[in-house]
Every structure is written in structure tokens, then in C-alpha cells.
Amino acid sequence: MRDNVEEFDTKKVIENFERITTDAENVQNETLKKILEENASAEYLQKLGLNGRTDPESFKSCIPLVTYKDLEPYIDRIVDGEFSSIITSEPITAFSLSSGTSQGKQKRLPWNDELFVTTVHIYQTSFAYRNRYLPTDVNGKGLNLIYSSNKLPETKDGIILGTATANVYRNPGYKQTMKEIHSSSCSPDGVIFSPDFHQTLYCHLLCGLIFREQIQFVAATFAHSILYAFRTFEQNWEELCNDIKQGVLSSRITAPSIRTAMSEILKPDPELANLIHTKCLNLSNDWYGLIPEIFPNIKYVQGIMTGAMEPYLKKLRHYARDVPLVTTEYGASEGWIASNVHPEIPPELASYVVLPQIAYFEFIPMAQLDGTQGDIKTVGLTEVKIGEEYELVLTSPAGLYRYKLGDVVKITGFYNSTPELKFIRRSNLMLTINIDKNTETDLQLSVDTAAKYLIEEKMEVVDYTSYIDLSKEPGHYVIFLEISGEPTDELLAKCCNCLDKSFVDPGYTSSRKVKGIDPLELRVVKKGTFRKILEHFVSLGRSATQFKTPRCVGPTNTDMLQILSDNVVNNYFSSAYS
Ligand code: AMP
């Protein structure tokens with residue numbers, strides 16, 4: 001039966017986007033005006049003396065640049081139940097908890113319906129351009145790897161503490177929006193809104209197989225979830241086939257709400273079970289092309305695939321074979337930023353176009369932060385320069401004003417008069433002992449370089465992280481690698497030297513030469529260690545949807561350090577500077 005869904009007007013959305021991006025400066029000023037008018041009575045703005053003014057100059061002169069830490073006292077008051085106009089005129093009744101994977105600690109970020117409206121803008125924009133390039137059918141389905149709790153945590157005063165994605169899914173307009181952009185999930189709500197991530201994932205896969213002919217895309221917020229799902233598939237395909245053959249759900253699914261939801265869908269289908277079984281037997285050598293083999297009508301695989309997700313692209317391509325990988329959007333729990341309107345470009349080269357109507361954006365030139373002292377001056381959305389790097393500053397419709405997001409972006413061009421940007425890195429340094437300065441990107445480059453030796457031997461880095469070991473003077477870098485296959489000691493020693501040599505920051509190389517930093521240590525961890533880290537993260541009640549492997553483990557992240565240490569199988573010290 002065909003659902004009665006209005007056809008999405010791709011042309012209209014694209015025309016609107018062209019208009020808005022052409023008039024970006026005015027749209028930005030209007031966006032700021034609207035945010036400030038709507039929140040004129042907020043204590044935060046009043047206290048800083050804005051006095052109802054809404055122009056960019058007054059705004060910038062009255063309101064300081066802030067970080068999350070500066071806003072915490074206000075957020076604490078709201079979470080503690082003070083129901084008044086603290087940061088927005090309409091009191092905040094929900095928060096999004098950030099993943100906490102990039103900086104360790106979870107931030108509580110204000111959420112309101114205005115942010116849902118911006119979510120719709122972002123989804124529709126990315127979809128319109130994707131659909132023009134890779135059209136899908138309005139009645140098709142997607143294997144949408146999304147996870148939401150069926151009961152979001154609340155404070156005693158009823159303030160919701162969800163994740164940004166959970167706040168989106170619980171919005172009454174969510175399902176209709178997804179239908180309109182041809183993105184209905186093959187899994188029923190009882191599977192998506194569940195008490196258990198593992199059971200949901202198993203049933204997502206099962207639903208995907210049952211609706212395999214109708215699946216047009218595989219999606220997740222972050223690419224890591226897609227990889228995790230297909231790695232899980234490799235381990236569970238026989239059980240999945242058995243469920244389909246018998247029409248009986250595995251006893252591993254214990255949540256009554258999931259069992260009820262699946263009972264409507266799962267019927268004995270030996271023919272389908274045999275077909276998938278045969279395919280999996282043929283594929284099980286290396287699972288190359290798994291995605292198109294099980295989903296014959298798939299058009300693309302989509303999710304955020306840049307930044308911390310790039311290390312997973314190789315494996316994702318292995319599963320996807322010739323199915324295009326499309327990176328989707330750029331955003332954070334604080335608010336959305338930009339859409340990918342060039343779906344034909346591979347994720348490694350992709351840029352995102354900022355949506356000027358969803359927030360007010362400012363940019364701090366990195367050159368300014370790196371050197372000169374004194375007042376930090378921001379530039380506006382349309383004033384940025386191609387090729388320059390900036391730290392992003394956001395004013396959102398949910399009560400964040402001139403908020404430093406902590407991301408560094410590079411301007412790669414202009415789409416009409418709106419900048420296109422690439423995520424470069426988190427702004428904080430990750431690896432530093434004395435004068436050395438290495439970022440997440442430097443670490444990724446170093447791991448990528450060393451991984452080439454493994455690739456030559458048909459092995460790969462499954463995942464990685466790092467740690468600064470200061471237990472012995474003068475301290476050294478530790479890189480944890482999970483590797484597929486069985487590399488020899490000789491190969492791993494070579495990788496270790498290569499990791500060390502590939503950090504080319506002069507502060508690091510000079511410190512290494514004068515023994516101001518000890519030799520880099522490679523610690524190889526057991527297979528499945530990073531899976532355990534995700535599982536631990538989920539067991540703390542955090543959302544699997546937003547999981548990003550922390551690329552540096554701080555000394556306070558004792559749980560993760562413990563998991564890593566418990567699973568080390570071998571360690572090597574670099575002799576690169578001996
Ligand atoms: P969270 O709020 O914890 O879900 O994480 C948001 C952070 O994820 C952002 O501040 C970025 O650092 C990162 N992120 C989100 N989207 C992208 C993207 N498209 N490319 C690279 N990094 C991203």
C-alpha cells in the first residue's frame with residue numbers, strides 16, 4: 001500500500017536555498033534580529049545591557065564571547081528548576097546532552113522548538129541536493145541506525161535531559177518530516193525508542209533484511225554507527241537468518257516493547273532466509289560489497305563522514321563497494337551549522353554550506369588566536385576569507401549568545417555569498433607535553449601514515465586513541481591501536497617508529513631530539529577493545545547515535561584507560577630518534 005505522502009518539492013527547496021545564500025548578509029542580520037527580539041526579556045541579555053537593541057554592532061559590543069564553562073551557572077539554575085526567562089524569554093524545558101566524547105565531560109545544552117525548525121531546514125536542504133543527484137522514491141525505506149531511549153531522563157522539575165537526536169526524534173513533527181524527505185525508517189517506533197541499544201541494533205538489522213528490497217539508503221548520524229552495525233551483522237547473520245526462517249525473534253531480545261513491535265513484522269520466510277544465508281556464505285570471506293548485496297535497490301549510504309569519522313571511510317567503502325557514500329551535515333548539540341549540497345563529492349573532499357537562516361555565525365581568525373594578544377575580534381559570515389582557518393562562534397535560537405563552539409573550520413569557497421567550509425579539528429590541543437603541539441588531525445595523519453605498512457600486508461587499523469603518559473619523566477606519547485589480522489613484531493616496530501616520525505610539529509621533533517620527550521609507545525590492544533569502549537559508553541546511559549571514539553584519553557577518563565590497559569596485548573617503543 002502506498003502511503004499518502006505529499007511529494008517533496010526539491011525544486012522549491014533548492015530555489016529557496018539559492019535565494020537565501022545569495023542574500024546571506026541580510027539574512028544573517030534578520031536572523032540575529034529575530035533571536036534578540038524574541039529573547040529581549042531574557043535575564044542574560046538584559047544584564048549585559050543590550051536594552052532591546054538587535055543590530056550586530058550593539059550585540060558584539062555588549063555581549064562577550066563565551067565558552068560552555070561561562071554559561072554553566074545559568075544552565076545549573078535552569079536544571080535546578082528555576083523556571084524563568086534566564087537565557088531565553090520562554091523558559092527552557094529541555095536540554096541536549098553532548099556526546100562528551102570529544103572533551104570527556106557531557107555538556108548540557110539548551111533545546112527548544114526553534115532548534116527543531118532549524119533541524120528541518122538542514123535535513124530538507126541536504127536532502128534536496130541529494131535527491132536531485134541520487135533520486136529516491138517517496139515510498140521507499142531506509143535502514144536508519146537511530147537509537148533513542150523510550151523514557152528520556154528528567155529532573156525532579158520535569159526538565160528533559162535527552163540528547164540532541166532524542167530531542168529531534170521526540171518532536172511531533174519528526175516523522176512527517178522524515179516521510180517528506182523519503183527517509184522513513186524500516187524499523188518501527190518500538191525498536192527505535194527502546195531501553196536497550198544492542199537489542200535495537202539487532203532489530204534494525206532484522207528489519208533491514210525483511211524490507212531489503214525497499215531499502216534505498218543506509219543512514220546514521222555519524223558514520224561510526226554504520227560501521228558498528230555491519231561489524232555486528234558479520235557476527236550475527238546466522239541468528240538473523242534463523243529468526244527470518246522461523247518467524248521467531250531471538251531470545252536475546254528481552255524488551256517487551258521491542259518484541260511487541262517486531263511481532264507485527266516478523267513472519268516465517270524460509271525463502272528470504274535462504275537467500276540471505278547463501279549471500280552471506282559467499283561474502284563471509286571479507287564481506288566486500290555486503291551493503292549492495294543485501295540491499296539490491298540501495299542508492300547511497302549517508303551520515304556525517306568528515307572529521308573524526310574519516311578514519312572509518314575505507315572500511316565503509318569496503319562494505320559499500322560502488323554505492324556512493326554521502327556526508328550529510330555539520331552540526332553539534334549546540335545547533336546546526338551547514339549542509340552538504342554537493343553529494344557527488346566524496347566525503348574526504350566535501351565542504352558544507354552554512355545555512356544563514358538557522359543561527360547567527362561569527363568567526364575568530366585562527367591567526368589572531370595563535371599570535372597576538374588583546375581583544376579578540378570576530379568577522380561575520382560573509383566576511384570570511386577563502387583558505388583561512390577560523391574558530392566558529394554561534395548565536396542560537398535556544399539561548400546561546402556568541403558561544404565558542406570549539407571547532408576550527410577552513411573556508412574552502414563561497415556558495416553564492418555564503419561560505420563553504422570544512423571541519424578541520426577541535427580547537428583544543430590534544431597531545432602536548434612541553435613545547436609540542438599536536439592536534440587530532442596531526443594524530444590522524446600519523447596513524448594514517450603508519451597504517452600504510454599494515455595495508456601492504458592486507459591488515460587495517462580498526463580504531464585508535466592516544467594518551468600522554470607522564471608517569472615517568474619526561475613523559476611520552478602512547479598510541480593505542482586495534483588492528484585486524486596478526487601483524488608480526490617486526491611490522492609493529494616499524495609502525496611504531498613511523499608513528500613517532502610522522503608527528504612533524506617542530507616542538508615535538510626538537511623535544512624528541514634533545515630527549516625532552518621520551519620515545520613514543522605503541523600499545524596494541526585486543527580485537528574488540530573499541531567495541532567494549534562504545535558498550536561502556538552506552539552502559540553509562542549515553543547515546544550510541546552520537547558516539548565518537550575519543551582520540552585522546554585524559555587522565556581523568558579512568559574507565560576508558562582501564563579498558564584500554566586491560567586489553568593491551570603488546571607494546572613497542574620507538575627507536576626513531578635513537
Ligand atoms: P556532539 O554535540 O557531541 O554530538 O558533537 C558535535 C561535534 O561533532 C562538533 O562540534 C564537531 O566537532 C563534530 N562534528 C559534527 N558534525 C561534523 C562534521 N560534519 N564533520 C566533522 N565534525 C563534525
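This is a predicted model: local features need pLDDT of at least 70, side-chain atom pairs count only at pLDDT 80 or more; totals for chains, interfaces and linings use all residues.
**Aromatic clusters, strand pairing and buried residues**

Ring pairs join F17, Y129 and Y415 into a cluster. In total, the structure contains 22 aromatic pairs. In one of these, the ring centres of Y123 and W336 are 6.0 Å apart and the ring planes meet at 65°, so the pair is classed as edge-to-face. Y123 belongs to helix α6, residues 113-133, and W336 to strand β9, residues 335-339, so this pair ties together parts of the chain that are 213 residues apart in sequence. Y123 and W336 are both buried.

A stacked arrangement is found for F217 and Y300, with 6.1 Å from centre to centre and 15° between the planes. This pair also links distant parts of the chain, as F217 is in strand β5 and Y300 is in strand β6, 83 residues away. The relative accessibility of F217 is 1%, and F217 therefore counts as buried. Y300 is likewise buried, with a relative accessible area of 1%.

Aromatic rings also meet charged groups. The charged end of K141 is placed over the ring of F211, at 5.1 Å from the ring centre. In a second case, R531 lies over the face of Y228, and the distance to the ring centre is 4.4 Å.

The strands β5 and β6 belong to an open sheet. Strands of a sheet pair through backbone hydrogen bonds, and the pairing is either parallel or antiparallel. Here four strands are arranged in the order β3-β5-β6-β7, and the pairing is parallel. The edges are formed by β3 (141-144) and β7 (325-327); each has a single partner strand, so one side of each lacks a neighbour in the sheet. On average, neighbouring strands of this sheet are turned by 25° against each other, with direction ignored. Helix α11, residues 223-246, packs on the sheet and touches β3, β5 (215-222) and β6. The direction of helix α11 makes an angle of about 120° with that of β5.

Strand β6, residues 300-304, runs parallel to β7 and is joined to β7 by three bridges. Within this pairing, Q302 stands opposite V326 of β7. Strand β7 also contains T327. With a relative accessibility of 1%, T327 counts as buried. The side chain of T327 reaches the backbone oxygen of G303 at 3.4 Å. A further polar contact, of 2.7 Å, is formed between the side chains of T327 and Y352. When residues up to four places away in sequence are not counted, T327 touches G303, I304, M305, T306, N340, P347, A350 and Y352.

Strand β10 covers residues 352-354 and pairs with β9 over two bridges in the antiparallel sense. In this pairing, S339 stands opposite V353 in β10. Strand β9 also has an antiparallel partner in strand β8, residues 329-332, to which β9 is joined by four bridges. There, E329 stands opposite S339 of β9. Strands β8 and β9 form a hairpin, with two residues between them. Five of the five residues of β9 are buried, so this strand is largely enclosed by the rest of the structure.

Strand β11, residues 360-365, is also largely enclosed by the rest of the structure, because six of its six residues are buried. In a regular strand, side chains alternate between the two faces of the sheet. In β11, Y360, E362 and I364 point one way, while F361, F363 and P365 point the other way, and all are buried. Strand β11 is joined to strand β13, residues 389-395, by six bridges, and the two run antiparallel. Two bridges join β11 to strand β12, residues 379-380, again in the antiparallel sense. E362 takes part in both pairings: its bridge partner in β13 is V393, and G380 stands opposite E362 in β12.

Definitions and conventions. Residues are numbered from 1 along each chain as its sequence is written. Side-chain values use heavy atoms; hydrogens and water are left out. Two strands pair if DSSP finds at least two bridges between them. Axes are lines fitted to C-alpha atoms, for helices over the stretch in contact, and angles run from 0 to 180 degrees between N-to-C directions. Contact means heavy atoms within 4.5 Å. Rings of Phe, Tyr and Trp (its six-membered ring) pair if their centres lie within 6.5 Å; planes under 30 degrees apart count as stacked, over 60 as edge-to-face and the rest as tilted. Buried means under 20% relative accessible area, exposed over 50%, partly exposed in between (1.4 Å probe, protein chains only). A charge sits over a ring if NZ of Lys or CZ of Arg is within 6 Å of the ring centre and within 35 degrees of the ring normal. A polar contact is a pair of N or O atoms within 3.5 Å; within protein, one must be able to donate a hydrogen and the other to accept it, and residues adjacent in sequence count only if both atoms are side-chain atoms.
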